[in-house]
Amino acid sequence: MLFSKLLIPTLKEAPSDADIVSAKLMVRSGMIRKLASGFYEILPLGLKALRKIENIIRQELNAVGGQEMVLPLIFPKELWLETGRWSVYGKELFRLKDRKDAEFCLAPTAEEAIVDLIRKNIRSYKQLPIMLYQFGIKFRDEIRPRFGVMRSREFLMKDAYSFHVDEGDLDKYYKIMFDAYINICRRCGFKFCAVEAASGAIGGSFSHEFMVLANSGEEDIVWCKCGYSANSQKAESLKIEQLKEEFLSMTEVFTPNIGSVDDVAKFLSLSPDKFIKTMVYIADGNPIAVLVRGDHEVNEVKLKLLLNVSDLALADGQIVVSITGAPVGFMGPFGLKNIKIVADLSVVDIPNAVVGANKKDYHIKNVNYRRDYNVDLVADIRRIKHDDVCPRCKQEKLRFSRGIEIGHTFKLGTKYSKSMNAVYLDSNGKEKPIVMGCYGIGVTRILAATIEQSHDEDGIIWPESIAPFEVTIVPIDYADLRIKNVTDKVCEELSRKGLDVLIDDRDERAGVKFKDADLVGSPYRITIGEKNLINGNVELKSRRDKSSRCLKPEAAVSEILEIFPR
Ligand code: ATP
Ligand code: MG
């Protein structure tokens, strides 16, 4: 393809609103343009890479029995009322009305639509299992659209849904899909890891996130040499063993205007791990007291799962006073009536702890679990922190990395089939709910994640598998007939074998073309100019390691064909 005929509007400088390397390079290389906040136009170069990613995913999903289809992008409200998600989804859901005032939403994901299809068309266990998938545009009114197509309000997602007779069959298929996802990540050339995204509180691992490792990632990942890895939001924490001490008698201490753990710890010359922080949360409308060690933080994701609530927020100051009798900073686990108390695993073993006295300006020393206070539930509800030990091998310290979530696999069980009454008849003619899994991949996010991982100061370095063009040919002067002939011949031979080749035929200085070739990032560049042609040679340059060699055009073609076997 000729550069001069394609819409590849490269730029020397990135626009000021491009906030991350990949967004800058995608705009500068002419892959995308921004229409409005979170809405992007994908230009021909971007689309070529996107289609290659799609094809990798398609091949891997077809290989595990997936059937491709297309669902609408607009869904009727009624379906979403059935699952309750019309209200649960909140402001991220784009809602609209038709001319008759009927309400709809733009697809943020498609469980309701696919379950509706299945409940109307699957009757018998003989039709199961089945896996359906699509490449569909998704709309989410993100609170903070940013990082280009990484977190946009309209994006391309591959969403897949599998349906099974029972949990056992789902478990088996989930593993197969997990492996397909691993293959997809490998083929896209990622340094990645699949992390557990389930809380230990629920038990077992029912959800995985596929994380591309990059410092710019929005997710914190923890991992261990032993193979354990998890999203830090969901990583299990171990109970911290405490040194045994003789229980001392409780003493009230005056702590005037000193409320924060650190300040009280200094004031009493004790370390923060001797403290118990008491907090009041409102969980689906009900107050609940939550206890964590002074140097720990509550993990609200874990707490939500444990309590099985969808809404969780810290109570405001007035509610705190009405429940504990003391302002924030002086709360403790004593005398809390009509309120459930949940404590983290590492709280109940603290000997001679310090707690708020539920009285302004007072704390109490030497408080001990069971002797002095009780709780309703003890569970892992804290955030993992830097010196924590791996919950699996219980030996190594956990390591922290940043990641970009590009895919998510999930065992849904009967969550949707129960609320939408999707059932099948088993071999005894008995009606049973269909068991379901769902599997998403952000296809446009993969584009951005690839560039985050693979670029240098000159531009993008495409992995061979998803480069929009495998080769860029730079004829120094395309108007020179000899140069043009060699260029066209090399291009033809590579294209005949199915490679995408870009010829920079523009009437520009060589320096400009080289800069754009680096920016656009094809894995190989062939430069064809008078100087080398005197000896019958062309120059072959690798984008990744920048090495270059002069060789005959035929040799360059056969080397490239070896690298990209078709
Ligand atoms: P995130 O935590 O990043 O918001 P999510 O948990 O909301 O992601 P899912 O609902 O699991 O995402 O969607 C499946 C995939 O879709 C994600 O793994 C991600 O790759 C992609 N994705 C989600 N939101 C966006 C977005 N706003 N822009 C681009 N891709 C997205
Ligand atoms: Mg999200």
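## Close-up views of a predicted model

**View 1. Surroundings of Glu68.** Leaving aside neighbours within four places in sequence, Glu68 is in contact (heavy atoms within 4.5 Å) with Arg58, Tyr133 and Phe135. This is a predicted model, in which local features need pLDDT of at least 70, side-chain atom pairs count only at pLDDT 80 or more, and totals for chains, interfaces and linings use all residues. Residues are numbered from 1 along each chain as its sequence is written, chains are lettered from A and ligands numbered from 1 in the order in which they are written, and side-chain values use heavy atoms, with hydrogens and water left out.

**View 2. Polar contacts and position of Glu68.** The side chain of Glu68 makes a polar contact with the side chain of Arg58 at 2.6 Å, and another with the side chain of Tyr133 at 3.4 Å. A polar contact is a pair of N or O atoms within 3.5 Å, of which, within protein, one must be able to donate a hydrogen and the other to accept it, while residues adjacent in sequence count only if both atoms are side-chain atoms. Glu68 belongs to strand E3, residues 67-68, where strands (E, at least two residues) are DSSP runs numbered from the N terminus. Because its relative accessibility is 39%, Glu68 counts as partly exposed, a class between buried (under 20% relative accessible area) and exposed (over 50%), with a 1.4 Å probe and protein chains only. Although Glu68 and Gln134 are 66 residues apart along the chain, their C-alpha atoms are separated by 5.4 Å.

**View 3. Polar atoms around ligand 1.** An oxygen atom of ligand 1 is 2.7 Å from an N or O atom in the side chain of Arg151, and for the side chain of Arg140 the corresponding distance is 2.9 Å. A polar backbone atom of Ile406 is 3.0 Å from an oxygen atom of ligand 1. On its own, ligand 1 has 580 Å² of accessible area, of which the protein covers 83%, as given by the Shrake-Rupley method with a 1.4 Å probe.

Technical notes: Helix = DSSP H or I, 4+ residues; strand = E, 2+ residues; numbered from the N terminus.
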